[in-house]
Amino acid sequence: MTESVPPSAPPSAPETVSAAVARAERVRGPWADVWAQFRKHKGAMLALITLGVLALVCLAGPLVWRIDPNFIESDTVKMFKMRNQGPSLAHPLGTDQLGRDMLARMMFGGRISLAVGTVAMLVAIFIGTTVGVIAGYFRRLDGLLMRLTDLFLALPLLPLLLVMMFLFRDSIASTLGPRLGTFLLIVLAIGLTSWMQAARVVRGEVLALKEREFVLAARSIGTPSRRIITRHILPNVLSPVLVAATLGIAAAIITESVLSFLGLGFPPDFPTWGRLLYDGIAEIRTYPERVMWPGIAISLTVLSVNYIGDGLRDALDPRIRGR
Amino acid sequence: MKFRTALLGAAAAFALAPAAHAERGADGEVKVFYYQAVSTLNAYLSSGTKDVEAGSLVLEPLAGFDQDGQMFPRLAAEIPTVENGGVSADLTSITWKLKEGLVWSDGTPVTSADVKFTWEYCTHPEGGCAQGAKYEGIASIDTPDDLTVVVKFEAPKPYPYQPFTGGTAPILQKAQFEACLGAAAASCTEQNSKPIGTGPFIVTDFKVNDVVTLEANPNYRDPAKPAFGKVTLKGGGDALAAASAVMETGEFDYAWNTQINPEQQAQMEAGGKGTFVNAFGTLVERIEINMTNPDPALPEGERSTVKHPHPILTDANVRKALSMAIDRQTLVDVGYGGAGRPTCNLVPSPAFQASDNTECLTQDMEGAKALLEGAGWTDSDGDGIRDKDGKKLSLVYQTTVNPVRQDFQALVKGWWNELGVEVELKAIDPSVFFGGDAASPDTFQKFYADVEMYANNFDGTDAEPYMSQYLCDKIPGPDNQWQGENINRFCDPAYDALLKELSTTAGIEARGAMVMKLNDMLTKDTNVIIPLVDRGRFSAKSNTLDGFVMNSWDTELWNAQDWTRVK
Amino acid sequence: MLSFTIRRLLAAIPTLLLISLVIFLLVDLAPGSPLSDIPLTVPPEVRQKMLAAMGADQPVMVRYVLWLKQFFWIEPLYGIDALFGTDFAQGAQRIISWQSKVPVFQIIGERLPQTLTVVGTAYLIGVLIALPIGIYSAYRQYSWFDQAGTFFAMAGFSVPTFFTGNILILIFAVNLGWFPTIYDTNLTVTDWASMKAMLLQMALPVTVLALFNAAEISRYTRSSVLENLGQDYVRTARAKGMGEGKVLLKHVLRNSLIPVVTVIALGLPTVFGGAIVTEQIFKINGIGAALIGAINVSDLPTVQTITFIFAVLIVMFNLIADILYGILDPRIRYD
């Protein structure tokens, strides 16, 4: 399965930063300041470690913990003994109602949830920023693009996702295989239906930035729009985009869980955190830990991502740095 | 057992304090929870069981069914039979006599004209009546006097009790619904949500898909009933919340259809605030075998049609082995607890037509393996999957999205894997699966899979319409927009012949014997249908509610007039 | 400003028409059938007749045009009739739900009160909590208050509401029995006892929703205030000896609220739409629950009408946000 899931981004975020740090130590560029500033944010550092550990457990854990997450004892007498067990050495997180190992399921689910969350967020942020910048900067396109945003905001998300899954599921599944196909479809579906907030916020920023002196100055010396956008506008909208991105990754993981619960997610024998949480809620009165594990995993992940985003925001914004 | 205890308890309570309940409305309010909220009280426009059941508090049929499936008169004075002359000897007409002195809740008399009107209302071509099947084959209805209704059929009807019986076919008041015939039916909002009836309660407030408030009918025929003066029928949420509201928090007296997993059943029951009540009817969770080839490589329009027989499942040994490998008791213990019991029958009850087919109840994995081995299905290439003549035992197994069904899928997949059968699972949104949309590839009728699992049942106790679903000419296909009911594409001239005989045979015993034979042809003889679990009705009842009797043959609220509060 | 508003209002009309068409086609394309809830005991011929009676067998465009006429002409007529006791509508066919055969606007009327009470209160409380936390957090960046506020906001946003909601129900309603688990829509506040019952049944859902809303808004507020605190005009104001309170409340706040206003205004339509998940968990039969219920049974007229009303609200609040932008930030000119 591992090879069909695109490399997940959470570990890549720290990599970018540390790679940047390594470079910065040689040339002492702006990234060193960012890293120095980031390190001061205790919450963000703690979050970085937490997320790193979580991602590591999910990615490398199955190499050590070699129980198949979908293994069911086919001898029913044994199966019944294995059902609904509490935490033990053999099953550190217990077993579910069919005697499947929860730790293996959590690690497996984590890979999928992390991958879906990050990739969907990237899709949404990419679309949102593009639309927001273009709409804010080019007045002629503003009306059109903002109406498009309104249109998407006003669309009922649920039927839209239903239609997308319905129309494309079979064709994508037949070309890419059911799992990769479903993954791409879910990621695109979530991305395509959650970029609008980012677009609105970015546009608002750009509208204000456009009237600021440095942009007016750049324009007055004849800088082409493309350059103004890449050199002056984009770096300055980075902080709202980061805030939107951190909030977006949370939303993406949660949306995935809602989709899983509607039967539009991955195949039923393919657990994700959202699905495990949803399945657990049916048993919350008898085995509350079955809700707690995925609930805590989702919350911790999202919390960590949010903190990292927060730390990055503080570190990246030169105007508030060192206050 | 619990059911019997509850009954005994009720009887005991009744014996101790008979006088306490002798006054209408004396017991105050009873709160009922239907987690699927009520949309309309008019069963003829309903979108599901919940509406029919809620409507039965207000509207009544001529006759209903008791907890044993026995018919008893409601508005009728007695049940017409051939013996008492109510049913003509040639089985072409049935004569119902209304009780004398019956009045609607508005005080006007109930007459035979109301009964005839009800038939006209439901058979109007533009009305879109949901219970149209109940009134099929009626040639005319005569009303010689105010209390007599003569129903004449186009052909002899060995079972003439379909029209006007059970909660799905209640009598409407002609005066109220006269303007609602045909296309106007849907715009009669006031009538559909506040029908005038003969039942123990009348509607005072109706909030769509939310809450219905009712109070005792001042004109109900028994002056001492109902004991409750007010009913609140609340909807919304899920089965777990419904069960909890009765069993844990005690906010409600009775909750309908509380299918929750067995562990939670035990835990909630231990709380001591209420009990679960169950009753078994005809709802059977089963795996249906596709006798035709669903291969996606076939051109559209030929997939899963009789043109291409299934390459492996047409082998009876394979079907039998698949059935033998399943441990049905485990399925019940995992998924249903008190709400289910293992079965090998398509028609599990009532007793007069239930076959004594119990062979499949014990899992026989070794026997199944030997059977396949003997039939030439061996694992020739060592990949763990049996094959024969280059065909692998590989199946796509589909069902709806539902936690219990996904557990069943996982368990069955495990057993079949052990048997040497490869299984791919698929779960489809129920609104698509049961939606019947001819354009969708995922409906249960299209059956673009090798096996599929769902539950089905029949209305009342007469199994004939149910068994006739498996006739050769009911096979779904592109030519009938996939609307046939013979999901398995099963076709056997002997079956068709026996069914024809059933349609002209009268007498409960004789009909029952034929239904048993038909049942066996589909299940143990051919294993075209692999029954798994007989699913009962399963509801939660507060310990402070008395007189409740669970019923699986009519609506669960069938005896609401007899409910009382434990003092 | 006035001409801008009028221009935007006019521009909104074709947008809304397009939205209504897109929604209609989408909902129509979506898999599922209005008959999926009908028991399987109902035979196919009867199903066909039921579809025909709903008008569901008509071509999409015919149904769309009929819906347009009903929405923009017949329903307003009924509205006028209801207000003034006139009879303009003359019994014309209203938009009727396929599932319940009740006019969709009647359903909305029944559902609006509980949605407004619960979700509206939660939103208001959320905003009231979020603004001070966000502002003070930014002002005292990295203080213990900021850390705690940040953690609160992060946690509020990070924990899914269907996780917190269910756990709150388990602890406070089931185990401790302090609150009811089912929301009573028939309850009207007439005296202290019913007032208490109302507050009790609102407590849990309002808590969950308010925390969630507060988390998001306080993040935006903090981020926006931080941004402004670093601006030159703040330094200038301080340099000329203006009091900190005045700097913060008069200058910084006014400028920081611009993006916050957008977020608050954009979130307002969800007050009407209800928080679907929360309504579901706490068994509040509000508009969100009505929409989900209608989607589940493919009740097209209901889905279409409710989502279109959402669309109208969203477009309206976007416009309001833009106008507020102009009022709050004179640098933005609408010409």
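Between chain A and chain C there is one residue pair in polar contact, with both residues at pLDDT 80 or more. A polar contact here is a pair of N or O atoms within 3.5 Å; within protein, one must be able to donate a hydrogen and the other to accept it, and residues adjacent in sequence count only if both atoms are side-chain atoms. The model is a predicted one, in which local features need pLDDT of at least 70, side-chain atom pairs count only at pLDDT 80 or more, and totals for chains, interfaces and linings use all residues. Residues are numbered from 1 along each chain as its sequence is written, chains are lettered from A and ligands numbered from 1 in the order in which they are written, and side-chain values use heavy atoms, with hydrogens and water left out.

Let me stay with chains A and C. The largest share, 13 residues, comes from α13(A). By class, this side of chain A has 32 nonpolar, nine polar and 15 charged residues. For the classes, Ala, Val, Leu, Ile, Met, Phe, Trp, Tyr, Cys and Pro count as nonpolar, Asp, Glu, Lys and Arg as charged, and the others, Gly among them, as polar.

In total, 56 residues of chain A are in contact with 57 residues of chain C, where contact means heavy atoms within 4.5 Å. The two chains bury about 5300 Å² between them, and carbon and sulfur atoms account for 67% of that. Buried area is the accessible area (1.4 Å probe) that two parts lose on being put together, summed over both. The number of salt bridges between chain A and chain C is zero; a salt bridge is a side-chain nitrogen of Lys or Arg within 4 Å of a carboxyl oxygen of Asp or Glu.

Next, chains C and B. Here 43 residues of chain C are in contact with 56 residues of chain B. The area buried between them is about 3800 Å², with 56% from carbon and sulfur atoms. Salt bridges between chain C and chain B again come to zero. How many residue pairs are in polar contact across the interface of chain C and chain B? The rule finds 14, both residues at pLDDT 80 or more. On the side of chain C that touches chain B, the elements giving two or more residues are α2 (44-54), α4 (104-139) and α6 (161-175) of chain C. Of these, α2(C) gives the most, with eight residues. This side of chain C divides into 20 nonpolar, 14 polar and nine charged residues.

Now chain C by itself. It has 13 helices and zero strands. Its C-alpha atoms fill a box of roughly 80 × 60 × 40 Å, taken along the principal axes. One residue to look at is Tyr78(C), in helix α3 (residues 60-84) of chain C. Leaving out residues up to four places away in sequence, Tyr78(C) touches Ala89(C), Gly91(C), Ala92(C) and Arg94(C). Tyr78(C) and Arg111(C) are 33 residues apart in sequence and 19 Å apart in space, C-alpha to C-alpha.

Back to chain A, for one helix pair. Helix α5 (residues 102-137) and helix α9 (residues 196-210) of chain A pack at an angle of about 35°, and their axes are 7 Å apart. Axes are lines fitted to C-alpha atoms, for helices over the stretch in contact, and angles run from 0 to 180 degrees between N-to-C directions. Their contact has ten nonpolar, four polar and two charged residues. Among the residues that meet are Ile125(A) and Gly128(A) in α5(A), and Ala198(A) and Val202(A) in α9(A).

Last, the backbone of chain B. Where does Pro226(B) lie? Pro226(B) is in the loop between β8 (211-216) and β9 (230-235) of chain B, and a cis peptide bond joins it to Lys225(B), with omega about -5°. Another cis peptide bond joins Ser349(B) and Pro350(B), with omega about -5°. Pro350(B) is in the loop between β13 (340-342) and α10 (365-374) of chain B. Asn257(B) has a positive phi of about 50° although it is not a glycine.

Note on methods: Helices (H or I, at least four residues) and strands (E, at least two) are DSSP runs, numbered from the N terminus.
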